[in-house]
Amino acid sequence: MATSCYQWFLWTATILLIAVVSQGQLTTDFYDSTCPQAATIVKQKVDEIVDADKGMAAGLMRLHFHDCFVRGCDGSVLLNSTNTTLAEKEALINNGSLRGFEHIDDIKMDLECSCPGVVSCADILAMVARDATVKLGGLSWPVFLGRIDGASSVADEVNSSLPFRTYNFSQLVATFAKVGLDTKDMIVLSGGHSIGQLHCGAFFERLWDFQGQNITDPSMDPEFAESLKAQCPRDNPLLFKGADSTNATFDAVYYSDLLTHKGLMDSDVALMSDPLGVEYAIKAVQDPYYFLFEFGMAMINMGNIPASDPYGWRKNCAVIEPCNN
Ligand code: HEM
């Protein structure tokens, strides 16, 4: 189906969504009177950042996911540890893996110069995620705004909130359900792995020690497994591998990789263990725009996960420094 047709769908869906989502108090025009240039500032900065480092688009998009799954979309992933509390960014899943914090700080500074005390850190993450995805070829989606930042960030909460790379299909479904997202959202959002990089260690067992037997997962395409072994030698789990075979472009190739047994992590391959995952992957491959459009819709759903403990607005996204002037 032509792009323009999807854009038509997008706008129709947008109108419906405005009616639904605005009940949750997020709206697309939230900053129209207080900071009308907010979206433009964010987009310009993201364009600059990704022009300088294409890979960073993935890191920026992932921040929104890791933010929203822990305490809702409240910018808590951006907070530094305090004297008494280890922050989310120090949790094992995040530390040394999440990237782009410095760029969010930079964008926040620009926004504070233009409209002090207005734009929340959580909203910046939502806008950045969309702009980073679009920059690598994704379809745009309307970003709903008006999130309130939290004041706490607790490393211990990360493990019980985010999905693990070793999860099977039902564990993934359950983790997404805990934040109000359904199975379809989970399958579509997993397509976030269309861009970016994974440490070789993220799929070490599948490659080198499947079920503790010192073998490669027999379900992996044998030729693919051999080339993967060359890129990810046994003794170096800290090397990187592209998340899919076209990891600099946001596209549906993630799903064709899965269908051809070239998936990487257990959690990716798990999608092929359920008829819904297989059915979706086939649709996405047959009609890539279908996936690009649905990814935007699923990101709207994810961005709508409410903050469990909203606090206020932060001048600096990394520290609690309440300020109402
Ligand atoms: C479905 C459950 C998911 C699991 C288990 C999972 C797990 C992971 C892991 C383990 C990595 C690699 C970390 C590393 O090696 O340093 C990763 C990378 C990534 N994930 Fe996920 N993820 C999931 C869902 C998502 C979702 C929903 C998104 C976005 C919508 C996303 C976006 C990304 C991106 C873009 C990267 C690459 C980051 C970069 O290049 O810096 N993931 N994920």
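Donors are N, O and S atoms within 2.8 Å of the metal (3.2 Å for Na, K and Ca); water is not among the atoms, so sites may look incomplete. With that rule, the iron atom of the ligand has His193 as its only protein donor, through NE2 at 2.1 Å. This is a predicted model: local features need pLDDT of at least 70, side-chain atom pairs count only at pLDDT 80 or more, and totals for chains, interfaces and linings use all residues. Residues are numbered from 1 along each chain as its sequence is written, and side-chain values use heavy atoms, with hydrogens and water left out.

His193 sits in the loop between α8 (183–189) and β2 (197–199). Helices (H or I, at least four residues) and strands (E, at least two) are DSSP runs, numbered from the N terminus. A residue is near a molecule or strand if one of its heavy atoms lies within 4 Å of it. There are 25 residues around the ligand, and Ser97, Arg99, His193, Gln197 and His199 come nearest.

Now look at the polar contacts, pairs of N or O atoms within 3.5 Å; within protein, one must be able to donate a hydrogen and the other to accept it, and residues adjacent in sequence count only if both atoms are side-chain atoms. Arg99 places a polar side-chain atom 2.7 Å from an oxygen atom of the ligand. For His199, a polar side-chain atom lies 2.6 Å from a ligand oxygen atom.

Next, the cysteines. A disulfide is a covalent bond between the sulfur atoms of two cysteines. Here it is called when a pair of cysteine sulfur atoms lies within 2.5 Å. The count by this rule is four disulfides. With the bonded cysteines of the protein numbered in sequence order, the pairing reads 1-4, 2-3, 5-8, 6-7.

Cys35 is joined to Cys115, S to S 1.8 Å. This pair links distant parts of the chain, 80 residues apart: Cys35 is in the loop between α1 (3–21) and α2, and Cys115 is in the loop between α4 and α5. Buried means under 20% relative accessible area, exposed over 50%, and partly exposed in between (1.4 Å probe, protein chains only). Cys35 counts as buried at 1% relative accessibility, and Cys115 counts as buried at 4%.

Cys68 pairs with Cys73, S to S 2.1 Å. The torsion about their S-S bond is about 115°, so this disulfide is right-handed. Both Cys68 and Cys73 are buried.

Cys121 and Cys317 form another disulfide, with sulfur atoms 2.2 Å apart. At -95° about the S-S bond, their link is left-handed. Cys121 lies in helix α5 and Cys317 in the segment after β4 (310–312), so the pair ties together parts 196 residues apart in sequence. Cys121 is buried at 0% relative accessibility, and Cys317 at 1%.

Cys113 counts as exposed, at 67% relative accessibility.

Finish with helix α2, residues 38–52. The expected span of a helix is 1.5 Å times one less than its number of residues. The 15 residues of α2 should therefore span 21 Å, and the end C-alpha atoms are 21 Å apart, which agrees. Buried residues in α2 include Ala38, Ile41, Val42 and Lys45. Their cover includes α3 (56–68), α4 (101–114) and α5 (121–135), where contact means heavy atoms within 4.5 Å.
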